[in-house]
Amino acid sequence: MTGAETEDDIPLGERKTVTDFCYLLDKSKQLFNGLRDLPQYGHKQWQSYFGRTFDVYTKLWKFQQQHRQVLDSRYGLKRWQIGEVASKIGQLYYHYYLRTSETSYLNEAFSFYSAIRQRSYYFQVNKEDRPELVVKKLRYYARYIVVCLLLNKMDLVKVLVKELSEEIEDYTQRFNTEDQLEWNLVLQEVAAFVEADPVMILNDNNAVVVTSNRLQEGCVPPLEQGMVVGQLILADALIIGNCNNQVKFSELTIDMFRMLQALEREPVNLATQTSKQGTLEPNEKPAKRENPHKYLLYKPTFSQLFTFLSASFKELPANSVLLVYLSATGVFPTGRSDYEGPYDFGGVLTNTNRDVVNGEMVQKRNQAQKEMHCLHPGDLFPFTRKPLFVIVDSSNSTAYKNFTNLFGQPLVCLLSPTIYPKSVQDQSQCGSLFTLFLYCPLLAFFSVCGLNSVRRGLWERAQELLRKVYRDIGQMITRSRTIDQAFLQFFGDEFLRLLLIRFVFCSAALRLHKLFRESRSFPESYPELPKQDTVESSVLQKHILELATMLDVQSLFWDDSLETY
């Protein structure tokens, strides 16, 4: 409304348009703010509220598109306000992805965040003397970067980081604010995250090639004809990150980031997403859930971890598996007891602000008492009443060898090495080698051989060889006469099959590598795998030496590993 105009001068229809817009805007803000009060766990409670919020934002978005001229002249609608609505829709899609693990929602979030930048919705913010508006813009950039990281759009991430850096510099110079250090920390975190991959794949022009490590069509060895394996399906996963000093961005450590992608299928419509931005419209939900549902827990307390575990356990469908991935600092027992039970081996750290000094646990309790801020193997016993698949990446992973299968349900634990050679240990800030093998075995193999760049042609040839290796490992597992049935019961699920195959490859590769000489430097499992049939198989050793020869690093491996024991 202009200053000279009174409300009576405005036509009734236009006045109603402004009133309707204000109602939708207020309603959308109210619903959006209510999202943070929803329980973070459980599949059912949040869906109807999310649906209502989504409906209101869809109406608001279409309404401002249809009535832009009236809203510009009568309401004084600014472009940053349109950007704010688009940003909220992007956030809704991102949180829908977190709740459902459907990667198609990431694409939708990307579409809206991308449009904000392409249409310069926040451009005028810098001309207004309102620091809170600039902070909205900075937060938008941080959220956009997270989505781009998850979609492996690394080239765009680098551009966005440069723009964010300039925006932060401008913001801190103009407003002399107290949050400058916080924003500079955001920049440092994302820069470290982008640089965390140990190996660069280069094309003929020396440009970096970005590869996706989500589950792709044809990358999982099919089951042999007539092979009887379990029909269990991976339905739920808890991905827990509590490593001190590991690269992180937002509330994702690099290990969590890698593991969540290892439990997702490659979205089929990734390449076509940008074509939709001209007619930016919120889309309907996809009908089929392709990926296991995930909870991402960054530095949870014991009570938070136990609550999420219980919620997953309670809602786990029949014939389904719960996966628990623990990437965390090890907690070791303080003394020896006469009886060694599931609480006598330590475990992994759960979060507490007390007792942690420079990453080391300070023991202030009676020697006979157990560490309270720790997930002990015994804490998982109640959840073995249903099929449970555990991955522990920790300096005390072997505590979880001391499991007892009390209820006869399928149970497997894959356990990381507990010590690494110094050259590998020095890289641990950029993520664990064990998790890297489970996420992308070839990347880990290159890394452990000290190679930091590779030509795309060689990478593709090595991947082709690895596909044959995977097929052979799959046959070793299913044909072994001495393997524990638990492995076969999980082998019907594609995600778990690939994790088991990669685990065997990792174990065999490290056993042959000359730097890995201590038994504690090798992964272990509960139940134990039959070594001669799997990780020490001569066929698999031959494949690993063949791969090493292809990469010209055969001198790093023993030619006949069995003779060295």
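Asp20 and Lys16 sit four residues apart in helix H1 (residues 12-34), about one turn of the helix. The model is predicted.

Reader: How far apart are the closest N and O atoms of Asp20 and Lys16?
Author: Both residues belong to helix H1. Asp20 is partly exposed, because its relative accessibility is 26%. The two residues form a salt bridge, and the closest N and O atoms are apart by 2.8 Å.

Reader: Which helices hold Glu167 and Lys137?
Author: The side chains of Glu167 and Lys137 meet in a salt bridge, 3.0 Å from N to O. The partners are 30 residues apart in sequence, so the pair ties together separate parts. Glu167 lies in helix H7 (residues 154-175), and Lys137 lies in helix H6.

Reader: Are Glu167 and Lys137 buried or exposed?
Author: A salt bridge joins their side chains. The cut-off for the class is under 20% relative accessible area. Both Glu167 and Lys137 are buried.

Reader: How many residues apart are Lys248 and Glu189?
Author: Their side chains meet in a salt bridge of 3.0 Å, N to O. Lys248 is in strand E4 (residues 248-249) and Glu189 in helix H8 (residues 180-194). The pair links distant parts of the chain, 59 residues apart.

Reader: Why does Glu189 count as buried?
Author: Buried means under 20% relative accessible area. Glu189 counts as buried because its relative accessibility is 17%.

Reader: How many salt bridges does the count come to?
Author: Some share partners: Glu84, Lys88 and Lys136 are joined into one network. The count for the structure comes to 22.

Reader: Which strands stand at the edges of the open sheet of three strands?
Author: The order is E2-E1-E15, with mixed pairing. An edge strand has a single partner strand, so one side is left without a neighbour in the sheet. The edges are strand E2 (208-209) and strand E15 (453-455).

Reader: Which residue in E15 does Ile201 stand opposite?
Author: Strand E1 (residues 200-202) pairs with E15 in the parallel sense, over three bridges. Within E15, Ile201 stands opposite Val454.

Reader: What angle does the direction of helix H14 make with that of E15?
Author: Helix H14 (residues 456-479) packs on the sheet. The helix touches E1, E2 and E15. Its direction and that of E15 make an angle of about 85°.

Reader: Which side chain has a polar contact of 3.1 Å with that of Gln261?
Author: Gln261 is in helix H9 (residues 254-262). The residue is buried, with a relative accessible area of 0%. Beyond neighbours within four places in sequence, its contacts include Leu150, Arg214 and Tyr439. The polar contact of 3.1 Å is with Asn152.

Reader: What is phi of Ser101?
Author: Ser101 is in the loop between helix H4 (79-100) and helix H5 (103-118). Ser101 is buried, with a relative accessible area of 1%. Phi is positive in this residue other than glycine, near 65°.

Reader: What is phi of Ser120?
Author: Ser120 lies in the loop between H5 and helix H6 (131-150). Ser120 counts as partly exposed, at 36% relative accessibility. Although Ser120 is not a glycine, phi is positive, about 55°.

Reader: What is omega at the cis peptide bond joining Tyr526 and Pro527?
Author: Pro527 lies in the loop between strand E16 (524-526) and helix H17 (538-550). The bond from Tyr526 to Pro527 is cis, with omega about -10°.

Methods:
Residues are numbered from 1 along each chain as its sequence is written. This is a predicted model: local features need pLDDT of at least 70, side-chain atom pairs count only at pLDDT 80 or more; totals for chains, interfaces and linings use all residues. Side-chain values use heavy atoms; hydrogens and water are left out. Helices (H or I, at least four residues) and strands (E, at least two) are DSSP runs, numbered from the N terminus. Buried means under 20% relative accessible area, exposed over 50%, partly exposed in between (1.4 Å probe, protein chains only). A polar contact is a pair of N or O atoms within 3.5 Å; within protein, one must be able to donate a hydrogen and the other to accept it, and residues adjacent in sequence count only if both atoms are side-chain atoms. Contact means heavy atoms within 4.5 Å. Two strands pair if DSSP finds at least two bridges between them. Axes are lines fitted to C-alpha atoms, for helices over the stretch in contact, and angles run from 0 to 180 degrees between N-to-C directions. A salt bridge is a side-chain nitrogen of Lys or Arg within 4 Å of a carboxyl oxygen of Asp or Glu.
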